[in-house]
Amino acid sequence: MAVPVKHHILSVLVENKAGVLARVASLFARRGFNIFSLAVAPTDDERFSRLTIVVDVEATSIEQITRQLDKLINVLQISELDPADSVERELLLATVRAAPADRGQVIELVQIFEGRILAVGHDVLTVSLEGAPAKVDDFEELLRTYGIVELQRTGRVALPKLVRRPQPRAVRAS
Amino acid sequence: MKLTGAQALIKSLEMESVEVMFGLPGGAILPVYDPIIDSSIRHILVRHEQGAGHMAEGYAHVTGRPGVAMVTSGPAATNIVTPLCDAYMDSIPMVVVTGQVAYSSIGSDAFQECDTTGITMSVTKHNWLVTNAQEIPQVVKEAFHIASSGRPGPVLIDVPKDVSNQMMDWYWPDTLDLPGYRPAGRGDPEMIRAAARALLDAHRPVIYAGGGILKARAADALRELAELTGIHVVTTLMARGAFPDDHPLCLGMPGMHGNYTAVTSMQQADLLVALGSRFDDRVTGKVDGFAPGAKIVHVDVDPAELGKVRRPDVPIVGDCRLVIEELVGAVRDLLAGGSEAPDRSAWNATIDGWRQKYPLAYEPQAEGDALKPQMVLEHLRDSTPDDTIVVSGVGQHQMWASQYWRFNHPYTWVNSGGLGTMGFAVPAAIGAKVGRPDKVVWAVDGDGCFQMTAQELVTASAERIPVKVAILNNAYLGMVRQWQEMFYDERYSEVYLSPDLPDYVKWAEAMGCIGLRAETPEDVQPVIDKANEIDDRPVVIDFRTDSREKVYPMVPAGQANDAIVVPPFQEGRHGEGGH
């Protein structure tokens, strides 16, 4: 699940109302924009939710995407997070083959990556890993050696890095 | 005061000063139709929900106020999707209320249930599914605000039947709760100074005025700017009338069927001042070849339009009227400071040369031929008041109406530009006449378009709305025929309609209208005069026009505007006139 080279992370603050996610998805579909990954959850203020959208901008300018998004009535704020200036995290859950002969190696791999073993079956393990997307990519690739039965990633969430610099570039057009 | 949700809805519309609405009742909206009997709002009962939507659009076009339509759930809601999309494309303020099955039944595939807010999400500026009657006044207030402010557009309020029947405590909100909605107002002063500088420095400037001028009520400001700077103005299909055609600086309509001078002056300009226009593909032709040497000043209330098609050198987000007024001030400041524009007499002479060599023209009526549609329009134009409202459908007749009418007043031209909705004219003309009963309203329609929505003339007769309809009946889907002739080797596929099936005169009479027909040039003026005398019911004239007639000039689709094709009898002149 390597992220395309030309990707941008948008952190979008929206009103926590019914149908807002559908509006965002509908806009992307109607304008021909591509969503690479999407994560949604309420913020500390229950009136608002935050969407972290990774967009593929091969075809469309990030400026056009943000300006169209900004026209949605329920969208309050859009920040573009430069991957270099943001903290990104993603969670992976995987059920991986671990026959008795391989089990020790799989457990060792999970320990090296500081992941967790969530469930143990006769010849499978369900494991989890939370981390920076690149680390999660590496982990996934190594797990494949043993055979992945099922895999689910959350898509990334991100916040700006706490550095003494100006705020992330606001791309709101007004 | 305790009210039902339905009563609160009608009262909220009254609070928004709604005078008229267009609609058709049905199961899920029944509770809301009951209080209409006691309301000050005039309700016009349409024959098809699409008609309600286009009438609301026509009303909004000519009044500037949001048009209101009300229909029931399911098929009624889907029937009004076309007008919603039309209004969305042309930025027309409209508020549509739809009934919905009971909230408790949503998702159960109940009778006449459809996901109205889901279906209309991408063709409305915003929409609401009301889940509690207590929300109704707040939602209505927000709906009107969103529809009519910023870049106007359609909104939809979906009201489940149980919510309409629910009791609520009446209130009228004095605030809006729209934290994510802040329409633009004034322009950035620095950008306005840069734009003023560009206007004064340009050698070959053209103002590219779009429909945003009319939405922002900026016609007077535009005229002041043009006259102050001496810059010529093209008016797009959506901006016809925003700058008077009789004004010496007016170049008329640009684009695929624009006149030679409007198209070519933009191509050769060194500055385009785009005011409330959006570089639509029908104006630009092939984008890479559009106005290649022009610097762009682009003013729009919608930030997403700046750079969507062509990257502006001077982008200004703001209300067109406010920005143009600020621009006028900034130009005056520069002039007062001693700046002056370069000598543009050569450019102006070039433009005049094009105007003389390539006027809009058609081959004159020949003995025994069917009527020339352009000739019919010239007679109609010359026989009606200067401020007549002209409403058109979509196709050849629309282009000829835009080309051959002289629009000297804003809000006198109503048509479907962006979506290109056939069947728009009859219902939109009815809505326009309801909005401006003091004006003469002529619909110029094609025979194909007329057959799509003609039944609304029953509405017009029943409600005594005396619109006039001129059908340019060439017995074909004319624009499609033109493309098949020019680009598909004259292989005419499924475009023939017949001149007398239906019989338009009998059909008009069956709908309570006066029906008239003109087949020869001698018939034309008398039937127009007769139609103009009738003021108590709708009139329909069946003009039998020449199906061979094509709309010229034409820029073939996908080509740069330099590839403009003039009518065959003007061809020898191409390349002259400073070109």
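Student: Helices here are DSSP runs of H or I with at least four residues, and strands are runs of E with at least two. So what pattern does chain A follow along the sequence?

Tutor: One note before that: this is a predicted model. Chain A reads β-α-β-β-α-β-β-α-β-β-α-β-β along the sequence. Its secondary structure comes to 4 helices and 9 strands.

Student: How much of chain A is buried?

Tutor: Of its 174 residues, 43% are buried.

Student: And the contacts in chain A, what share comes from residues 24 or more positions apart?

Tutor: That share is 74%, counting contacts with a separation of 6 or more.

Student: OK, how do H1(B) and H7(B) cross?

Tutor: H1 of chain B covers residues 5-15, and H7 of chain B covers residues 136-148. Their axes come within 9 Å and cross at roughly 30°. That angle makes H1(B) roughly parallel to H7(B), because angles under 35 degrees count that way. The crossing is right-handed.

Student: Which residues meet there?

Tutor: On the H1(B) side, B:Gly5, B:Ala8, B:Leu9, B:Ser12 and B:Leu13. From H7(B) come B:Ile136, B:Pro137, B:Val140 and B:Phe144. By class, this contact has 7 nonpolar residues, 2 polar and no charged.

Student: What about H3(B) and H5(B), what angle do they pack at?

Tutor: About 25°, with the axes 7 Å apart. H3 of chain B spans residues 49-63, and H5 of chain B spans residues 81-89. These two helices are therefore roughly parallel to each other.

Student: Which residues make that contact?

Tutor: H3(B) supplies B:Gln50, B:Gly53, B:His54 and B:Glu57. H5(B) supplies B:Thr82, B:Pro83, B:Asp86 and B:Ala87. The contact of H3(B) with H5(B) divides into 2 nonpolar, 4 polar and 2 charged residues.

Student: Is B:Trp170 buried or exposed?

Tutor: B:Trp170 is buried, at 17% relative accessible area. B:Trp172 is partly exposed, at 22%. The cut-off for buried is under 20%.

Student: Why is the pair of B:Trp483 and B:Phe487 edge-to-face?

Tutor: Because their planes stand at 75°, and over 60 degrees counts as edge-to-face. The ring centres are 5.5 Å apart. Both residues sit in helix H21 of chain B, residues 478-487. They are 4 residues apart, so about one helical turn separates them.

Student: How accessible is B:Trp483?

Tutor: B:Trp483 is partly exposed, with a relative accessible area of 24%. B:Phe487 is partly exposed too, at 35%.

Student: Which rings link into a cluster?

Tutor: Ring pairs link B:Tyr208, B:Phe279 and B:Phe290 into one.

Student: Last one. Where does B:Arg321 lie?

Tutor: In helix H14 of chain B, residues 320-336. B:Arg321 counts as partly exposed at 31% relative accessibility.

Student: What does B:Arg321 touch?

Tutor: B:Ala216, B:Arg217, B:Ala218 and B:Ala221, not counting residues up to four places away in sequence. As for B:Arg182, it is 139 residues from B:Arg321 along the chain, and their C-alpha atoms are separated by 17 Å.

Technical notes. Residues numbered from 1 in each chain as written. Chains lettered and ligands numbered in written order. Predicted model: local features only at pLDDT ≥ 70, side-chain atom pairs only at ≥ 80, totals over all residues. Heavy atoms only, no water. Axes fitted to C-alpha atoms, helices over the stretch in contact; angles between N-to-C directions. Parallel < 35°, antiparallel > 145°, perpendicular 65-115°, else oblique. Left-handed = near helix turned anticlockwise from the far one by under 90°. Contact = heavy atoms within 4.5 Å. Nonpolar A, V, L, I, M, F, W, Y, C, P; charged D, E, K, R; others polar. Buried < 20%, exposed > 50% of the residue type's maximum accessible area, 1.4 Å probe, protein only. Phe/Tyr/Trp six-rings, centres within 6.5 Å; stacked < 30°, edge-to-face > 60°.
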